[in-house]
Every structure is written in C-alpha cells, then in structure tokens.
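Thank you all for coming.

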Amino acid sequence: MAGISDAEFCLKLIPYGFDMVTLGGYNADRETSRAGRLIAQRGRPEFDFDCSELRSIINHEASRIKERFDVMVSVNIRALEPERIVEISSIESVDVVEINAHCRQPEITEIGAGQSMLMDPEFLEDFTAEVTGKARSQVSVKIRGNVPGADTVGVAGVLADLGVDYIHLDAMKPGEDRADLELVSLVSEVKGDSILIGNNSVRDLESARAMLAAGADAVSVARAAISGRLGFNLRELKFNSD
C-alpha cells in the first residue's frame with residue numbers, strides 16, 4: 001500500500017501476530033519514478049519520490065523495524081530494471097525483495113511495469129530470473145489474479161520453476177467483494193516449493209482460514225489493517241497438519 005506501509009505503520013501491526021511485514025511499494029528506477037510523478041500530479045503524492053534516495057529510505061525504514069521486533073522485512077518494488085531490485089536486496093535489514101507485477105495505476109502499466117508484466121510473461125520471466133540469480137535476499141513476486149488476457153496460473157508456474165521463494169497472489173475476483181479461492185487452489189497446484197501467500201479480502205480469522213484451506217501457505221492482510229489496527233490476532237490461526 002504505497003504511502004501507507006512504512007515503518008511506523010508496520011510497527012503498529014506487528015503485535016497482531018505478523019511474522020513478516022512489507023514496506024512499499026516503491027518506484028526504483030527512472031521510468032517508474034517518472035510515472036510516479038505523473039500519478040502525484042493527479043493527487044496521489046505517495047507515488048512521488050526520488051529513486052536515487054531509495055536505498056537510504058529503505059535502510060532507514062527496515063532498520064527501525066528490526067530494532068524493535070524479530071520479524072522478516074519485505075520490500076515491494078516497482079521497476080523495469082532488475083538491477084535496481086538486486087541492489088536493494090543487499091541491504092542487511094531487508095529479508096525479502098518483492099517484484100511488483102501487481103500495480104494497476106495506468107501510468108505504471110503504460111510503461112510496462114506493474115500488472116502489465118503479466119501480459120508479457122517472457123519479460124517477467126527474464127526479469128525474475130535475473131533477480132533470483134543475483135539477489136542476496138529471498139525473492140517474492142506479487143501478482144494480481146484474473147487480469148484480462150493474463151494467464152495467472154501459467155505465470156505462477158513459471159515463477160515456481162524459477163525458484164522464487166514466495167508467490168504473493170492477490171486473488172482478486174472482479175465485480176465481487178471476495179477472494180477468488182478457486183484461483184488460489186489452482187495456483188497452489190503449480191507453486192512447487194514456493195510459499196504461496198494468499199491476499200485479498202482477508203478481514204478476519206474466518207476469511208484467513210478459508211484462504212489457507214484453499215491452498216495458500218500464508219495470508220497477507222492489507223485493507224483490513226489500513227487504520228493501523230486489526231480486529232483479530234493472526235496467532236489464533238490454527239494450522240491443520242493433516
């Protein structure tokens with residue numbers, strides 16, 4: 001959640017049972033930063049910052065979290081240059097770099113970043129292969145489900161074959177206020193050794209358990225936590241080992 005998920009926000013939520021928090025998303029190179037400035041001009045200033053300052057920003061934010069809690073820190077990054085993500089992976093306080101193949105802001109998708117990467121699976125494959133081959137941290141890829149013209153399950157299979165540590169699936173179901181659990185199940189069948197994080201409409205323990213039952217290995221919470229508070233504790237989740 002650009003402009004929201006910073007260290008201060010994460011520090012408020014960790015006590016609700018999170019074992020990994022995500023900073024960002026951030027724009028990491030010239031093209032995505034230029035797109036961010038255009039987004040800011042229409043009233044979304046959280047997308048606008050100088051990418052040359054990104055390393056120091058992330059180091060500061062991630063270090064604040066690590067000083068207080070023993071949790072993993074992931075950083076969600078929009079980029080067209082994989083080298084920029086590899087660079088962030090070398091920050092000591094960063095445990096996971098997350099390739100953003102998810103953002104749907106038109107200024108981002110028009111340059112081929114964000115969810116438009118799903119429409120060019122060869123580019124996404126080459127991009128991810130370079131990051132996984134050089135990163136000093138674990139690697140996640142966040143993808144949006146049910147994007148028209150994109151093969152969500154096929155993309156997930158390619159990512160799994162590349163050996164990404166996490167596939168973070170926004171199981172969006174267009175026109176419905178619920179996660180597409182059928183899609184979660186299909187992706188779980190091709191995820192290989194990757195950890196599947198299920199995202200979308202996780203609002204309470206019941207919806208979290210439904211996501212896990214559908215085949216996700218973990219869940220992520222976004223909008224339900226936007227106030228900096230959560231109405232449930234993730235430690236109460238009961239995992240069935242059968």
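This is a predicted model: local features need pLDDT of at least 70, side-chain atom pairs count only at pLDDT 80 or more; totals for chains, interfaces and linings use all residues.

**A helix across the sheet**

Let me start with α3, which lies across β1 and β2 and runs at about 165 degrees to β1, where axes are lines fitted to C-alpha atoms, for helices over the stretch in contact, and angles run from 0 to 180 degrees between N-to-C directions. Helices (H or I, at least four residues) and strands (E, at least two) are DSSP runs, numbered from the N terminus.

Residues are numbered from 1 along each chain as its sequence is written, and side-chain values use heavy atoms, with hydrogens and water left out.

In α3, the residues L54, I58, E61, A62 and I65 are buried, meaning under 20% relative accessible area, with exposed being over 50% and partly exposed in between (1.4 Å probe, protein chains only). Seen down the axis of α3, these buried residues fall within an arc of 90 degrees, so they line one face of the helix; the arc is that of the directions from the helix axis to the C-beta atoms. The face turned away from that buried side carries the exposed residues E67 and R68.

As for the sheet, it is open, with seven strands in the order β1-β2-β3-β4-β5-β6-β7 and parallel pairing, two strands being paired if DSSP finds at least two bridges between them. β1 and β7 stand at the edges, each with a single partner strand, so one side of each is left without a neighbour in the sheet. In β7, V219 is the bridge partner of G198.

Technical notes:
Contact means heavy atoms within 4.5 Å.
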